[in-house]
Amino acid sequence: MERLRRVAVVVLNWNGRRLLEQFMPSWVAFTPAEAELIIVDNGSSDDSVAYLQSHYPDVRCIAFDQNYGFALGYNRAIEMLEHSVIVLLNSDVALTAGWLDEPLALLEHSSDISAVQPKIRAYRSPEMFEYAGAAGGYLDVYGYPFCRGRIFDTLEADRGQYDEVATDLLWASGACLIIRREAYLQAGGLDARFFAHQEEIDLCWRVVARGGRIALAPHSIVYHVGGASLAAEHPRKTYLNFRNNLLMLYKNLPEARLEAVLRVRILLDCLALLVFLLRGQVRHARAVWQAYRDYRTMRPDFEADRRENLAQTKVPNPEGIKTFSLLRRYYLSGQKHYSQL
């Protein structure tokens, strides 16, 4: 089979001159000949565009006149492109030699694979998996995300324990998401209403529900800084993770499971709120309450999306949604690594 030639490596930039200086050398050096590196500037007010024009005049730059945010910015850019494969690459990711070889081979030889992610290691601790994706993601029975190599805040070192190709993932990290453009568009792209956090999980779930598969390319490695937009300890991140997770469940869960899952989630999330209060993290507790309040307010706006998703669903029970409770296994049984689950 002829190798894919229409690949776009798309980096969304917003006031990221410092990150461009730091990471452009690796993007330019390790973007292979069959791919085009494209910087999409999201209405930056710094000198990002001028820096690119001066230092990298041969790199294509699409400059928007305003900041459309992460999801809508990518949606607008991908609609403009004609490449058959799109790489959504975070602006704080360092590439490595040959990182795109195995993902493209998987897409070429398996027509039912819609998206691939590499192993994602921590830029500051190169032997460790990175929080945002590690070696590929799943959901537990109640909708909590976890990864090979990362469960909640427990990160593993990459010792080759996940070196097999995995095609049962539910989601691939948005830090470096390699996806067929057709699958991206057919699933509706990233949901801009999420603003940030878990929007790639929502997208991948829709892709899998429509019959696609998500794969890990274990011999492809990139390094992610993480926390470039919001630090892990920021209450805003707590708010977005809780709110968006609830919206995602509402959008995608079949009717037979939705109410049962949400009843348990209310109890578990109330417990999380209580734990925040007992730890003196009042702002995080308030963030959980606000997430539920806004979920109830926003839910009617997602009714049409839910109907559309369920109508398009071919795989109502994907392998990547597990039948166990992650909280139970992690906190009560001490199973803190993926291999122990």
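Student: In which loop does Phe-195 lie?

Tutor: Phe-195 is in the loop between helix H5 (181-186) and helix H6 (199-209); helices (H or I, at least four residues) and strands (E, at least two) are DSSP runs, numbered from the N terminus. This is a predicted model, in which local features need pLDDT of at least 70 and side-chain atom pairs count only at pLDDT 80 or more, while totals for chains, interfaces and linings use all residues. Residues are numbered from 1 along each chain as its sequence is written, and side-chain values use heavy atoms, with hydrogens and water left out.

Student: What is the phi of Phe-195, and what is that of Ala-134?

Tutor: Phe-195 is not a glycine, yet it has a positive phi of about 70 degrees. Ala-134 also has a positive value, near 45 degrees, and is located in the loop between S6 and S7.

Student: Are these two residues buried or exposed?

Tutor: Buried means under 20% relative accessible area, exposed over 50%, and partly exposed in between (1.4 Å probe, protein chains only). Ala-134 has 0% relative accessibility and therefore counts as buried, whereas Phe-195, with a relative accessible area of 49%, is partly exposed.

Student: How is a nonpolar core to be read, and which residues have the most contacts inside the largest one?

Tutor: In soluble globular proteins, nonpolar side chains tend to be buried together. A nonpolar core is here a set of buried Ala, Val, Leu, Ile, Met, Phe, Trp, Tyr and Cys residues joined through side-chain atoms within 4.5 Å. The largest comprises 72 residues, and Leu-88 and Ile-179 have the most contacts inside it. Helix H7 (residues 235-252) gives the most to this core, namely eight residues. A second, separate core has 38 residues, among them Trp-99 and Val-222.

Student: Which residues is Leu-88 in contact with?

Tutor: Contact means heavy atoms within 4.5 Å. Neighbours within four places in sequence aside, the partners of Leu-88 include Val-10, Tyr-74, Cys-176, Ile-179 and Leu-190.

Student: How many aromatic pairs does a search of the whole structure find?

Tutor: The search finds 16. Rings of Phe, Tyr and Trp (its six-membered ring) pair if their centres lie within 6.5 Å; planes under 30 degrees apart count as stacked, over 60 as edge-to-face and the rest as tilted. For Phe-129 and Tyr-162 the centres are 6.0 Å apart and the planes at 50 degrees, so this pair is tilted. Phe-129 and Tyr-162 are both buried. For Phe-152 and Tyr-330 the centres are 5.0 Å apart and the planes at 80 degrees, so that pair is edge-to-face. Phe-152 lies in the loop between strand S9 (150-151) and S10, and Tyr-330 in helix H11 (residues 326-332), so the pair ties together parts that are 178 residues apart in sequence.

Student: Which ring does the charged end of Arg-76 sit over?

Tutor: A charge sits over a ring if NZ of Lys or CZ of Arg is within 6 Å of the ring centre and within 35 degrees of the ring normal. The charged end of Arg-76 sits over the ring of Tyr-68, 4.1 Å from its centre. Arg-150 lies over the face of Tyr-131, at 4.0 Å from the ring centre.

Student: At what angle do H7 and helix H10 pack?

Tutor: Two packed helices are described by the angle between their axes and the distance between the axes. H7 and helix H10 (residues 303-312) pack at about 50 degrees, with their axes 7 Å apart. The contact involves residues including Leu-249 and Tyr-250 of H7 and Arg-306 and Leu-310 of H10.

Terms used. Axes fitted to C-alpha atoms, helices over the stretch in contact; angles between N-to-C directions.
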